[in-house]
Amino acid sequence: MLILLVGVVSLQVNTAVKKELREQLKIQGLSYAESLAKLAPDYIFTENYYGLYELLSSTRLQNQAIAYIMILDTEGNVIISTFSEGIPEGLLDLNRIKPGQRYSIRTFNSSEGLIEDIAVPILNLRAGYVRVGLTEQTINVFISGINRTIIWLTLAVSFLGLFISYILAYLITSPLNRLRHSIKAVEQGNFNQEVRLFGLKDEVGELAYAFNQMLARLKQANDELMQKEKQRQMLLKKVIFAQEEERKRISRELHDEIGQALTSILISLKYLEGHLPEEQRHLLTDIRNLTAQTIDELKDLALSLRPSVLDNLGLLPAIKNLVRHWENRYGLTINLHLNLPSNFKLRNEAESSLYRVVQEALTNIARHAMASRVRLVFRIKNENLILKIADNGRGFSLNPVSEKSLGLIGMIERISLLGGNLQILSKPGKGTMVKIQLPLKEVIL
Ligand SMILES: Nc1ncnc2c1ncn2[C@@H]1O[C@H](COP(=O)(O)OP(=O)(O)OP(=O)(O)O)[C@@H](O)[C@H]1O
Ligand SMILES: [Mg+2]
């Protein structure tokens with residue numbers, strides 16, 4: 001569009017200027033020819049051809065536009081000219097002057113471009129006539145100068161225009177951009193990114209004001225939520241700790257006190273059994289078997305409540321025990337891979353939580369999965385403890401999990417309280433995998 005405009009403008013200017021300059025050129029040429037026609041007779045009649053030649057040469061040097069000058073006699077023969085290498089062919093016939101004519105102007109094409117040839121009689125043709133040839137080359141040079149100026153000016157104006165439009169666009173879009181950045185920050189959970197639009201009173205300013213108000217309310221709600229979440233986590237930690245302590249106490253009580261008492265009863269029954277008559281002995285045998293069975297169940301209960309091996313020997317022996325127990329009890333094949341250093345030891349609450357998570361995962365497998373094989377892997381990768389519990393059971397679709405089911409939620413909560421992350425990967429028919437990632441620096445002793 002701009003190029004077209006520049007083209008049209010320079011064409012118009014070129015045509016107008018060229019026409020005017022051509023007229024000027026003709027007037028100039030005519031004035032040179034007339035003054036030469038006035039001066040020439042003195043030289044012609046005194047046959048001072050050298051002087052005449054000097055006159056033509058000096059006149060030609062006065063103006064670059066003069067291509068040639070000739071003085072011709074009445075017959076049209078050249079008396080003298082500025083051509084050093086002869087008159088170009090056909091030039092003489094191009095412009096002749098008739099008696100009574102004040103001047104004659106012809107325009108023709110030459111190797112140097114358009115030439116205006118002006119002929120003026122000397123003493124009414126009695127002493128011949130003068131011909132002055134003016135080239136338009138100077139006009140062309142001048143016109144291309146104008147064209148260049150137009151192009152440069154247009155470019156300068158266009159760049160200025162572009163620059164001004166850029167500044168204007170920036171001024172218009174910058175507040176919106178700042179608003180957009182703030183919205184993005186809020187989207188990513190940063191509520192401190194207020195929009196600062198000093199003194200802007202237009203619609204964008206109002207929008208920014210409303211946004212900042214909303215941000216302040218959001219920030220307040222978020223702070224309250226964070227505070228509540230902190231309290232919830234602290235409470236949960238305390239509940240879990242208290243629960244573990246309580247389980248430990250009950251487990252010990254069951255194992256040590258009640259278990260010991262039952263074992264004493266068992267020994268006494270065995271003793272009594274030997275002293276009873278044959279026909280009454282079977283009654284005591286039944287009681288003895290029942291007592292032995294109760295002791296077994298009591299041990300099981302104590303173990304599931306809180307295995308003493310966890311407190312005495314640590315997580316890994318406790319896991320090994322648990323796995324053995326689960327294999328015997330549910331007929332599962334559990335491949336246990338403990339790729340950990342032999343002195344591996346975690347903080348107490350981390351050991352309890354990991355034990356509970358494995359216990360819940362194995363309980364779920366026994367209760368829901370209908371699996372035959374389980375793979376349990378502990379390893380360290382990039383400063384993280386990785387724990388995977390995978391089964392080849394029937395799997396399940398993760399959503400929606402019933403509100404009554406608290407096992408999975410409990411697992412997730414325990415791991416997140418330790419600063420880790422728990423993922424459950426499962427699909428119906430494809431088995432289930434519980435994957436835990438725990439930064440070691442959070443849990444190591
Ligand atoms: N390994 C698994 N294989 C198949 N389904 C599973 C497995 N683990 C969990 N599920 C499914 O996910 C549901 C939720 O498990 P979750 O442990 O939260 O609850 P629950 O075992 O039903 O009850 P509880 O609160 O006593 O643990 C289960 O009811 C079961 O349908
Ligand atoms: Mg469960």
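Let's start where two helices touch: Ser353, Arg356, Val357, Glu360 and Asn364 in H8 meet Gly407, Gly410, Met411, Arg414 and Ile415 in H9. Here, two residues meet, or are in contact, if their C-beta atoms, placed from the backbone, lie within 7 Å. By class, this contact of H8 with H9 has three nonpolar, four polar and three charged residues. Ala, Val, Leu, Ile, Met, Phe, Trp, Tyr, Cys and Pro count as nonpolar, Asp, Glu, Lys and Arg as charged, and the others, Gly among them, as polar.

A quick word on what you're looking at: this is a predicted model, where local features need pLDDT of at least 70 and side-chain atom pairs count only at pLDDT 80 or more, while totals for chains, interfaces and linings use all residues. Residues are numbered from 1 along each chain as its sequence is written, and chains are lettered from A and ligands numbered from 1 in the order in which they are written. Helices (H or I, at least four residues) and strands (E, at least two) are DSSP runs, numbered from the N terminus.

How do the axes of H8 and H9 cross? They come within 10 Å and cross at roughly 160°. Axes are lines fitted to C-alpha atoms, for helices over the stretch in contact, and angles run from 0 to 180 degrees between N-to-C directions. H8 and H9 are therefore roughly antiparallel to each other. That label goes to angles over 145 degrees, while those under 35 count as roughly parallel, 65 to 115 as roughly perpendicular and the rest as oblique. H8 passes H9 in a left-handed crossing, meaning that the near helix is turned anticlockwise from the far one by less than a right angle (clockwise would be right-handed).

Both helices show up again around ligand 1. Of the 16 residues there, Asn364, Ala369, Ser405, Gly407 and Leu408 come nearest; a residue is near a molecule or strand if its C-beta atom, placed from the backbone, lies within 6 Å of it. The elements giving two or more residues to this shell are helix H8 (348-369) and helix H9 (407-417). H8 supplies the largest share, five residues. Sorted by class, the shell has six nonpolar, seven polar and three charged residues.

Five strands form an open sheet in the order E6-E7-E8-E10-E9, with mixed pairing. Strands pair if DSSP finds at least two bridges between them. At the edges are strand E6 (333-339) and strand E9 (421-426), each pairing on one side only. From one strand to the next, the twist averages 10°. H8 lies across strand E7 (373-381), strand E8 (384-391) and E10, running at about 15° to E8. H9 lies across E9 and E10, and runs at about 150° to E9.

**The other sheet**

Another open sheet has five strands in the order E2-E1-E5-E4-E3, and its pairing is antiparallel. Its edge strands are strand E2 (78-81) and strand E3 (104-110), each of which pairs on one side only. The twist here averages 20° from one strand to the next. Helix H2 (residues 49-62) packs on this sheet, touching E1 and E2, and its direction makes about 155° with that of E1. A hairpin joins E3 to E4 through two residues.

| Strands | Residues | Bridges |
|---|---|---|
| E1 and E5 | 66-72 and 129-135 | six bridges |
| E3 and E4 | E4: residues 113-121 | seven bridges |
| E9 and E10 | E10: residues 432-439 | six bridges |

Helix H3 (residues 137-187) and helix H4 (residues 203-275) pack at an angle of about 15°, with their axes 11 Å apart. H3 and H4 are therefore roughly parallel to each other, and their crossing is left-handed. Pro175, Leu176, Leu179, Ser182 and Val186 in H3 meet Val204, Leu207, Ala208, Phe211, Leu215 and Leu218 in H4. Which classes do the residues of this contact divide into? There are ten nonpolar, one polar and no charged.

H4 also pairs up with helix H5 (residues 278-305): their axes come within 9 Å and cross at roughly 165°. That makes H4 roughly antiparallel to H5. This crossing is left-handed, and the contact has 16 nonpolar, seven polar and six charged residues.
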